[in-house]
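Please work through each task before reading its solution.

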There are 2 protein chains.
Amino acid sequence: MNNKENFIKKLRSSGLRPTKQRIEICKALYERKKTFHFTIDDLNKILRKKSKEKISLATIYNTVYAFKNKNYLKEISLNTNKTYFDTNVSNHHHFLDENSNRLIDLKNSDVGKVKIKRKIPGKKIKSIEILVRISD
Amino acid sequence: MNNKENFIKKLRSSGLRPTKQRIEICKALYERKKTFHFTIDDLNKILRKKSKEKISLATIYNTVYAFKNKNYLKEISLNTNKTYFDTNVSNHHHFLDENSNRLIDLKNSDVGKVKIKRKIPGKKIKSIEILVRISD
DNA sequence: TAAGTACTTTATAATGATTCTAAAGTACTG
DNA sequence: CAGTACTTTAGAATCATTATAAAGTACTTA
């Protein structure tokens, strides 16, 4: 499905040079079956395990934010000390399991239509994000 | 409406000793007509202006988290570097104005009923929080 | 009311995520 | 191949938050 060539093409087409660090990070993020929710620290650990050559933490930060700007990653609104990212950039919502502190995707179709009845003059709605906290 | 005596009663009734710092903080937070959204830094600045006697930053942190535990304040889920609190502890949602980075309360009745169609076995829904991002 | 105790406040240090810096390395262009 | 602009990197800097531990204060009970 996704392979090195595709990553290279995608990076180049969005004006990001396909460096070996970026390709490694693409592999870690996108060669997965399921959506991936992660912090920079999670990603750093995964990369260290995967490959012998260390990618600097600064590069991981740079790359993740570059990918976010290109809309290859989404930042998730949570109030935790670490920032969470999501490889699922489609319009969707989340369960947050308060026991395990884990996020679970909620497809848009899993949520009934949300109607916002109030308008703020001169402002447009950019997105609607729902966080459903669950626990045992 | 709210006055010092009420604050003292409320504090005492929830097992918090009514110290002058806590009462000052109550005044800053609750002697307002409208809901107040703030960060620790906001509150610190307000307190410095209001009263001559300085309240230590550590005390502000301690008090805000104590109030949060007593359900006198709510923490808001946003991914900003600072933590936001809300004096409106009722069940409600928010607009986030991306231009000014300001929060606006959305009453529960301003939002149509939200139906979560998916269930996670063994888990109960604790809360549903909606963040509506708006901009010019 | 005084003494004891548990709770509070405080300044300051420690922590930890993130951002900055500036030098060395690399991809791409001509 | 040389030049330039983009990248990576280690390490330092920043900044919100949390921890520490000593001094202060509220409250209890005699």
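In sorting residues by class, Ala, Val, Leu, Ile, Met, Phe, Trp, Tyr, Cys and Pro count as nonpolar, Asp, Glu, Lys and Arg as charged, and the others, Gly among them, as polar. The model is predicted: local features need pLDDT of at least 70, side-chain atom pairs count only at pLDDT 80 or more, and totals for chains, interfaces and linings use all residues. Residues are numbered from 1 along each chain as its sequence is written, chains are lettered from A in the order in which they are written, and side-chain values use heavy atoms, without hydrogens and water.

**Exercise 1.** Describe the lining of the largest pocket.

*Solution.* Step 1: the lining divides into 10 nonpolar, 13 polar and 11 charged residues. Step 2: A:E75, A:S77, A:S127, A:E129 and B:R133 lie nearest the pocket's centre. Step 3: β6(A) gives the most to this lining, with 6 residues; strands are DSSP runs (E, at least two residues), numbered from the N terminus.

**Exercise 2.** Identify side chains of chain B with polar atoms beside phosphate oxygens of DNA strand C.

*Solution.* Step 1: for B:T19, a polar side-chain atom lies 2.4 Å from a phosphate oxygen. Step 2: for B:R22, the corresponding distance is 2.9 Å. Step 3: an N or O atom in the side chain of B:T59 is 2.8 Å from a phosphate oxygen.

Key:
Polar contact = N/O pair within 3.5 Å; in protein donor to acceptor, adjacent residues only side chain to side chain. 1 Å grid on protein atoms, 1.4 Å probe; cavity = no way out; pocket = protein on both sides within 12 Å on 5 of 7 lines; lining within 4 Å. Helix = DSSP H or I, 4+ residues; strand = E, 2+ residues; numbered from the N terminus.
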